[in-house]
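The sequence and the model are shown first.

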Amino acid sequence: MAFFGGKLSRQVSHPRGSSARRADMLHHFHFSDRSVRKTFVAIAIGAVVGATAVGVGSAPMASAAPPPAGCGHYSDAVAGNPPNTRIKLWERVKDAKKSATPDTRGNIRVVQPEKQNPKLYSIRSGGDHPGFGDDFLLVPTNRIQGIECSYLWDGSQLNFWRYAWKEGTTTVYKNPNKPLAIGVNSADARGQDQLHLHMAQANPATVTALKAIKKPETNLNRWAAPTSNVVLPVNDYKNKKRTDAVFRVVKYTGQMPNLVKVLHTQVQSDIPHQCIAVIASGAPNTYYLLNSTPALKSGNDRGTGLCDYVYGWN
């Protein structure tokens, strides 16, 4: 018995030149020729399937859809004429890899907080109050321009609020008079066009005013309702012009929600002009959730898109 052309055939011995030998050879080659034809057909089919899979001989594969408006592009860069300096932060976290140690671009550490989710964020020092242990940033390493990006409410991202609070409790220096505060500024008020959550200490005067609210709103679904409006003292540490601003305040108990998603359901298309901050209340799992926007008014007082006002920097 022997293999030939991928088929098992039987070789029969006959005297040279005999009619029996010629008949056997004709049978042998007829059988093998059919096997070869089948092999070639199989190869041809495989080639077509393979070519289709890689787009050869067919219409080009569709390119990735552009990101939604307000989310920015992966290719965004500082370089240009004039340079776009608002992209510096994006360039410093772009393509950063998971690491527990500082890198050469100023990332203190790059964290993958969820084992089954490949998304990362960087912890960095901020530039508003350097050297005091109360100015840090949480920055996603994928492109998210800011609070106006729909990725933040479509369920595709990490809950950055949860992780900023967790990171802040171990990263920001503790001060009994200045509890932990985290926040994000509006598109109009921020200085960099890559989402970054500040982790800082709260302004003591703001904290005192929050604790003095007699009946704070506690229903997060009414965050944007007039019943949540409160005038709070602020820390205009740079310009020394403003002394107060109108905020929507909810005293919330529970797990830290995705605050951009919550607010977006209530303000919709006005989300780019909003700022959000969270200040520890002193009670377990209880927070003061603050939101403001320049269009917010209470008497002669107005709101702001800059939640940096509630931090204790000087």
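Two strands count as paired if DSSP finds at least two bridges between them. In this predicted model, nine strands form an open sheet with antiparallel pairing, in the order β3-β4-β5-β7-β6-β10-β11-β9-β8. The edges are held by β3 (107–111) and β8 (229–233); each has a single partner strand, so one side of each lacks a neighbour in the sheet. From one strand to the next, the twist averages 30°.

Within this order, β6 (residues 180–184) pairs with β7 (residues 197–201) in the antiparallel sense, over four bridges. Isoleucine 182 has methionine 199 of β7 as its bridge partner.

| Helix | Residues | Strands touched | Direction angle |
|---|---|---|---|
| α4 | 204–211 | β8, β9 (244–253), β10 (275–280), β11 (286–292) | about 145° with β8 |
| α5 | 259–267 | β9, β10, β11 | about 130° with β10 |

Strand β11, touched by α4 and by α5, contains serine 292. Is this residue buried or exposed? Serine 292 has a relative accessible area of 0%, and because buried means under 20%, serine 292 is buried. A polar atom of its side chain lies 2.6 Å from the backbone oxygen of valine 246. Leaving aside residues up to four places away in sequence, serine 292 touches Val246, Phe247, His273, Gln274, Cys275, Gly303 and Thr304.

Key
Residues are numbered from 1 along each chain as its sequence is written. This is a predicted model: local features need pLDDT of at least 70, side-chain atom pairs count only at pLDDT 80 or more; totals for chains, interfaces and linings use all residues. Side-chain values use heavy atoms; hydrogens and water are left out. Helices (H or I, at least four residues) and strands (E, at least two) are DSSP runs, numbered from the N terminus. Axes are lines fitted to C-alpha atoms, for helices over the stretch in contact, and angles run from 0 to 180 degrees between N-to-C directions. Contact means heavy atoms within 4.5 Å. Buried means under 20% relative accessible area, exposed over 50%, partly exposed in between (1.4 Å probe, protein chains only). A polar contact is a pair of N or O atoms within 3.5 Å; within protein, one must be able to donate a hydrogen and the other to accept it, and residues adjacent in sequence count only if both atoms are side-chain atoms.
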